[in-house]
Amino acid sequence: MKMAWVTLILGLVMVSGFAKAAEIPFQGESKADILANLDGHPNEDLIRELLTNPAATPEIALFEHDGYQGGSIRLTQSDMNIHQRSFGDKTSSVIVTGSSVWVLWNDSNFQGSQYNVVEGGYPKASYWGGGNDKVSSVQKLT
Ligand SMILES: [Ca+2]
């Protein structure tokens, strides 16, 4: 009986610990700063949707140019070769929505240099620590 209580309490501590770990603050450029510069932005509607009305499923949006400009692709799960979406070696900025952890890989098949990103706005490659026009695969960790 005592063991059952210990197990229950340990379980509760672990669950609350995981809940806390999931509450990572918005990283990179702040949401307020992104929204403040959106009027007339070529991807204004998409960015507003991502930031103010995100889908229930965590998502990563890759943009062709700095500042969330140019063409884009949106992923809700891993993609081991974004060259097949004609988006290989193009990513210059990224927005992640929802509580999730993603890895940006320089090579396809989740290989080469890797950079973790969580919910946030990354207006250029230096924000995630990688190089411009390098991402070839994207892995969703959680
Ligand atoms: Ca680019």
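Predicted model: local features only at pLDDT ≥ 70, side-chain atom pairs only at ≥ 80, totals over all residues.
**The calcium site**

Four protein residues supply donors to the calcium ion: Glu-64 (O), Lys-90 (O), Ser-92 (OG) and Asp-133 (OD). These donors lie 2.2 to 2.4 Å from the ion. Along the sequence, the donor residues follow the spacing E-x25-K-x1-S-x40-D. Glu-64 and Ser-92 link distant parts of the chain, 28 residues apart. Glu-64 sits in strand β2 (residues 59-65). Ser-92 sits in the loop between β3 (69-75) and β4 (93-107).

Is each of these two residues buried or partly exposed? Glu-64 has 26% relative accessibility, so Glu-64 counts as partly exposed. Ser-92 has 3%, so Ser-92 counts as buried; the cut-off for buried is under 20%.

**Strand β4 and its partners**

Strand β4 pairs with β2, β5 and β6, as the table shows.

| Partner of β4 | Sense | Bridges |
|---|---|---|
| β2 (residues 59-65) | antiparallel | 5 bridges |
| β5 (residues 111-122) | antiparallel | 9 bridges |
| β6 (residues 137-140) | antiparallel | 4 bridges |

Some residue pairs show where the strands meet. Ala-61 stands opposite Ile-95 in β4. Val-103 has Asn-116 as its bridge partner in β5. Val-103 also has a bridge partner in β6, namely Gln-139.

β4 and β5 form a hairpin, with 3 residues between them. In the turn, Asn-109 has a positive phi of about 60°.

How many of the 15 residues of β4 are buried? The count is 12, so β4 is largely enclosed by the rest of the structure.

Terms used:
Residues numbered from 1 in each chain as written. Heavy atoms only, no water. Donors = N, O, S within 2.8 Å, 3.2 Å for Na, K, Ca; no water. Helix = DSSP H or I, 4+ residues; strand = E, 2+ residues; numbered from the N terminus. Buried < 20%, exposed > 50% of the residue type's maximum accessible area, 1.4 Å probe, protein only. Pairing = 2+ DSSP bridges.
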